[in-house]
Amino acid sequence: MIHKLLLMTLILLTSCFKDKSSESVKALKFEQEHQEYLDSVKSKSSEILKESFDFQGIEVVYVQAGETYYQWLGHVLIRFVGSGKIPEEDYGVSFIANFNDYNLDNLKAYYGGYTVLPIIDNWGNYLKDYVVKEKRYMDRYIFPVNESVKNKIKETLKDWIVNPENTGTYSFMRNSCTALLLKLLAAGDKEVDGAKIAFPVEVVPYLQSIGKINHSYKRITVDNYLDLANQIVPREKYEY
């Protein structure tokens with residue numbers, strides 16, 4: 001009997017050790033992959049920090065709601081038109097949280113605590129990710145700027161990349177991709193106030209209601225993106 005108890009105890013201890021060992025391996029893998037992701041983000045962000053970074057105009061882009069729960073309310077991003085040598089290379093920015101915990105803290109994500117990550121990518125990659133892979137449509141709207149507004153937005157974005165704490169911590173309800181996009185626009189145009197706007201789907205109607213959008217492009221879908229994605233109206237539409 002004693003031998004059986006000892007054997008059972010040994011089996012249980014071995015099982016616990018294996019479980020903990022397995023979790024440790026998974027956690028280590030997560031940390032390594034997360035660091036690789038952060039290195040990739042840093043590499044792309046470095047392009048914005050260059051003195052040569054410039055653009056002709058701004059588009060606010062709404063991405064259709066997706067199937068997974070964190071996509072249900074859509075997504076918004078900013079495209080810096082003319083920042084690339086060709087339209088596909090134009091830079092854009094959206095905002096997410098630096099979810100650096102192996103076990104995601106939902107309360108922290110909801111109420112605040114995670115650092116904000118400005119995510120820089122190219123227009124061509126946004127099209128591949130959202131339209132081609134996820135089959136979500138994209139709507140483009142011109143947010144006209146003058147030289148002063150443009151420079152203030154550039155300065156603010158560069159500051160947020162270098163000092164992400166200046167954005168405040170990420171909060172799904174108070175400081176999400178929606179609020180941060182509007183904060184960035186407000187850095188250049190003080191008439192923008194997104195304090196009451198909580199969700200991506202509300203951004204375009206809000207900007208339209210205060211007269212900040214003067215042109216919209218035809219909706220981009222998986223069926224027409226090759227024809228529509230790189231259409232650009234005259235530069236004057238992007239200025240005021």
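## A walk from K154 through the fold

Set aside the neighbours within four places in sequence, and K154 is in contact (heavy atoms within 4.5 Å) with F53, D54 and F55. Before going further, keep in mind that this is a predicted model, where local features need pLDDT of at least 70, side-chain atom pairs count only at pLDDT 80 or more, and totals for chains, interfaces and linings use all residues. Residues are numbered from 1 along each chain as its sequence is written, and side-chain values use heavy atoms, with hydrogens and water left out.

Back to K154, which you'll find in helix α4 (residues 147-162). Helices (H or I, at least four residues) and strands (E, at least two) are DSSP runs, numbered from the N terminus. With 15% relative accessibility, K154 counts as buried. Here buried means under 20% relative accessible area, exposed means over 50%, and partly exposed is in between, using a 1.4 Å probe and protein chains only. The side chain of K154 also makes a polar contact of 3.3 Å with the side chain of D54. A polar contact is a pair of N or O atoms within 3.5 Å; within protein, one must be able to donate a hydrogen and the other to accept it, and residues adjacent in sequence count only if both atoms are side-chain atoms.

Helix α4 also holds N151, which is partly exposed at 27% relative accessible area. Between the C-alpha atoms of N151 and K212 there are 18 Å, and the two residues are 61 residues apart along the chain.

Now let's step back and take in the whole protein. How many helices and strands does the protein have? There are seven helices and six strands, and from the N terminus on they run α-β-β-β-α-β-α-β-α-α-α-β-α. The radius of gyration is 22 Å, well over the 18 Å that the globule rule gives for 240 residues, so the protein is more spread out than a compact globule. That radius is taken over C-alpha atoms, and the globule rule is 2.2 Å times the number of residues to the power 0.38. Along the principal axes, the C-alpha atoms fill a box of roughly 90 × 40 × 35 Å. Of the 240 residues, 42% count as buried. Among contacts with a separation of 6 or more, residues 24 or more positions apart account for 66%. The protein exposes about 13,800 Å², with carbon and sulfur atoms supplying 56% of it; such areas come from the Shrake-Rupley method with a 1.4 Å probe, and for residues only the protein chains shown count as cover.

Next, the rings. A search of the whole structure finds six aromatic pairs. One of them is F55 with F80, a tilted pair with 4.8 Å centre to centre and 40° between the planes. Rings of Phe, Tyr and Trp (its six-membered ring) pair if their centres lie within 6.5 Å; planes under 30 degrees apart count as stacked, over 60 as edge-to-face and the rest as tilted. F55 lies in the loop between α1 (2-49) and β1 (57-63) while F80 lies in strand β2, so this pair ties together parts that are 25 residues apart in sequence. Both F55 and F80 are buried. For Y126 and Y130, the ring centres are 6.3 Å apart and the planes are at 5°, so that pair is stacked. Y126 and Y130 sit four residues apart in helix α3 (residues 123-133), about one helical turn, and both are buried.

F55 turns up again in one aromatic cluster formed by F53, F55, F80 and Y91. The charged end of K150 sits over the ring of F55, 5.8 Å from its centre. Likewise, the charged end of K108 sits over the ring of Y114, 4.4 Å from its centre. To count, NZ of Lys or CZ of Arg must be within 6 Å of the ring centre and within 35 degrees of the ring normal.

Our next stop is D90, in the loop between β2 (75-81) and β3 (91-97). Is D90 buried or exposed? D90 is buried, with a relative accessible area of 2%. Its side chain joins that of R79 in a polar contact of 2.9 Å, and a polar atom of the D90 side chain lies 2.9 Å from the backbone nitrogen of G84. Not counting residues up to four places away in sequence, D90 touches several residues, including F80, D121 and W123.

Finally, look at K135, in the loop between α3 and β5 (138-143). K135 is exposed, with a relative accessible area of 53%. Phi of K135 is near 60°, a positive value in a residue other than glycine. Most residues other than glycine have a negative phi.
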